[in-house]
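Have the coordinates open while you read.

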Amino acid sequence: MKNILLLLFFCVTNIQAQNLMHTVSGKVIDKDTQQPLIGVLVFTHYNDQTLSNTTNIDGQFELKLPMGRYNLQFQMLGYQSFVQEEVAVPNAYGNNISVSLQEDETVLNEVEVVYKSSKDEPQNTMAIASGRQFTVEESSRYAGGFDDPARLATAFAGVAGSTGSNGMVIRGNAPKGVLWQVEDLPIPDPSHLSNIVAFGGGSVTALSTYVMDNSDFYTGAFTSDYGNAMAGVFDLSLRTGNSEKRSYQAQLGVNGIDFGAEGPFKKGSDATYLFNYRYSTFALLAPILPEEMGFLGYQDLSFKINIPTKNGGEWNVWAVGGADRQYRDASRDSTEWTFDDANQTFSTNILFGGTGVSYQMPVNKKGYWKNIIGFTGNSTYWSSSELDNQMVDHTLDDFNNVQYDFSYKTYLHYKFGKKHTNRTGLTITQKHYDINMQQAEQIGDPLETFAVGNGSSMFVQAYTQSKFQLSQKWSMNVGVYGQYFEGTNALSIEPRAAVKYQINPWHSVSFSYGLHSQMEALHYYLMPQTVEGVETYPNQSLDFSKAHHYVLGYNWNINNNLRFKSEVFYQDLFNIPVIEGSYFSMLNLTHQWFVDAPLVNKGTGRNVGLDLTFEQFLKKGYYYTITSSIFDSQYVGGDGVERNSQFNKRYVVNILGGKEWTVGREKNKTLSVNGKFTIMGGDRRHPLKEQESIEQGEVIYDYERAYSEQFPSSKILSVSMLYKIMKPKYTSQWTIQIINALGAPEYYGYSYNQKTGTITDDTDVLVLPNIAYKVMF
């Protein structure tokens, strides 16, 4: 009887162990041609054993592994071998791995093991400098990331952020200068409450980490396949759903709910789906949020459908979209008007997003041709009013801003040989708009129209880019980009080039150059002006803003997991819209919706600095990164005076890291603790005319000395903790995240207190916590 019990116990334990095995699957392709690679050896080590498999005719592989982290190695004759570091099993975001191998320019007689970290270079094979790949796991694990790639990016060298917004100041440039691209299609900033707090930023990105794949981020001198941006590029990808089985995830947190699902449409089918829905309200956080925020809620939906074809092609249908609502009622008790604008009522409704259908087909097994039809757009409805001392309500703002685009994009990526790869593309966008923006200069004044119009205009972008492997040590890319906007008849032709010298396997140097341009938001071109009874639109003759980017880089791979990187950058900005005779420049634009005078392209500016990165990639459960940026940002407005730009912080330093432990008797639990500390200089502000402000009962700034004062430096601590439990049929995870745990204030300028008649700093202290429980099954 005892032996039978022992046998039963052994069987149950063995069955449980088998149930705890997880399938790690993926696909291996050629990095340039995107063709599947057959016969790639995929292996890893576990308990002194080597577990291996090879890719099939479709480039796919499978490995069954117990819970843990593994280094998956990929080897194939004629290709540079590759290692995917610290792959988590199980993974909260799916165990489908996409790997691309780079063909070796030399002919090898045997497999040569050359380990390369997945973060050493962007996924875009054309990029050489100022770019990096970031992973989905980093977005969820890094302290301060808040499951948001934009907030994650503030840990990178050359990038500064804030607590109240995910807008990024890249190398001294305004957040509005960032290009967002999803699945190869340019898209308006996909952030909730985008352009409300700051142009180019919002509260949190509408893309859940559940649907995201590894993506690229660039801080300057980007290649010619990216255009209409002067600061940086977010090139985001959506992952393909699991083709083996259906799975689900649900999350409940302080900020709201989250639900997602993925899998094949039917058993045995290669066609897959993936979607995620989120609904969030900050009602639970209301006691710790500033009163002036009022009610704030949002929801978003993302999905991707992938349908492979028999000829090796691939159909993809995807969408990313969101809806926001924010409002606040004015207090009708004047004794409660303790903060600026407490006597104001406002309401905001925002819709934004994009959707696309793409087809990618192979070309002669040497490249691929991709075609995309897309629709993107956003609409912002904003109204506000203010109570006077007699409790009479006066309308202040009435904004209706609807913009949407229909786009067709096509490009051919072709590998002519081991030494030459070319990508050439064209994008045609029909931009539609219906805009009517009105504002009263002061309470009681009639509304004045500062932007009005409806119609459409064509925007065309074209480029060609070639990458040359000149020798085993020298590589370069050369390209040209052009864009034309029918609305202003503006045309720009922009050369781009970069060269890299691989001194040895550990050290490399590079130099990159690019001319970049950007059009402004459409409503700035639609400012009406009446002269002698005739209404004109003087800003419709504006040219693009432009900048020369120069980047000198040095990279040292100290070992397989440790890297040092430095980049010296110089940006020469010109053709910037300014108001003649004024300090104003579009380089400093944050959330000013209108300009009350004609603009001319006579402004200039410069950003110069040094970015440093010292990074230990995740290994044996720990990682750390130290980044710093020292820079100077200056501009010349319409009055010809050189000044500090609003974003001239001077320095940004980040220290972040974390540790992960496997715990529990059955080793089926993990605990991860992460932290990030940021210290950076403050933005610039205008000095105050104190006496005039007190006399007039409102804040009066000294614009003759614009941006000559600096806000105090910020010291921001963010922490996160993840606790994951793996069971045979499901995995659960507790997450605690806090942004700005020390309560560092954010500064916005000066504020006039109507109750006391005094002027104080206009500040907010935002401590953003999130406690969430997620289950995956």
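## An open sheet

Five strands line up as an open sheet in the order E8-E13-E14-E11-E12, and the pairing is mixed. The edges belong to strand E8 (131-134) and strand E12 (185-186); each has a single partner strand, so one side of each has no neighbour in the sheet. Strands here, at least two residues long, are DSSP runs numbered from the N terminus, and two of them pair if DSSP finds at least two bridges between them. E8 runs antiparallel to strand E13 (residues 212-218), with 4 bridges between them. Across that pairing, Phe 134 sits opposite Ser 215 in E13.

A word on the ground rules: this is a predicted model, where local features need pLDDT of at least 70 and side-chain atom pairs pLDDT 80 or more, while totals for chains, interfaces and linings use all residues. Numbering starts from 1 along each chain as its sequence is written, and side-chain values use heavy atoms, leaving out hydrogens and water.

## Salt bridges

Take a salt bridge as a Lys or Arg side-chain nitrogen within 4 Å of a carboxyl oxygen of Asp or Glu; the count then comes to 25. Arg 132 and Glu 615 make one, with their closest N and O atoms 3.3 Å apart. Arg 132 is in strand E8 and Glu 615 in strand E32, so this pair ties together parts 483 residues apart in sequence. Both Arg 132 and Glu 615 are buried (buried is under 20% relative accessible area, exposed over 50%, partly exposed in between, with a 1.4 Å probe and protein chains only).

Arg 606, partly exposed at 24% relative accessible area, bridges to Asp 632 with 3.1 Å between the closest N and O atoms. Arg 606 lies in strand E32 and Asp 632 in strand E33 (residues 622-636), so the link spans parts 26 residues apart in sequence. Asp 632 itself is buried at 13%. Arg 606 also meets Glu 642 in a salt bridge (3.9 Å, N to O), and Glu 642 is partly exposed at 49%. Elsewhere, Asp 32, Glu 103, Lys 415 and Lys 467 are linked in a salt-bridge network.

Leu 185 is found in strand E12 and is buried, at 1% relative accessible area. Its contacts (heavy atoms within 4.5 Å), leaving aside neighbours within four places in sequence, include Trp 180, Trp 318 and Thr 355. Leu 185 and Thr 355 are 170 residues apart in sequence, yet 9.1 Å apart in space, C-alpha to C-alpha.

Thr 163, in the loop between strand E9 (159-160) and strand E10 (169-170), is buried at 2%. Beyond its neighbours within four places in sequence, Thr 163 touches residues including Arg 151, Ile 716 and Leu 768. Ser 379 lies in strand E21 (residues 367-387) and is buried at 7%.

## A nonpolar patch

Which residues make the nonpolar surface patch of about 560 Å²? They are Phe 511, Tyr 550, Leu 552, Val 568, Tyr 570, Val 608 and Leu 610. Strands E30 (545-557), E31 (562-578) and E32 (600-619) each supply at least two of the patch residues, and Leu 552 lies in E30.

Patch residues have over 30% relative accessible area and no salt bridge; like charges are joined within 9 Å, and nonpolar side chains (Val, Leu, Ile, Met, Phe, Trp, Tyr) within 5 Å. Accessible areas come from the Shrake-Rupley method with a 1.4 Å probe, and for residues only the protein chains shown count as cover.
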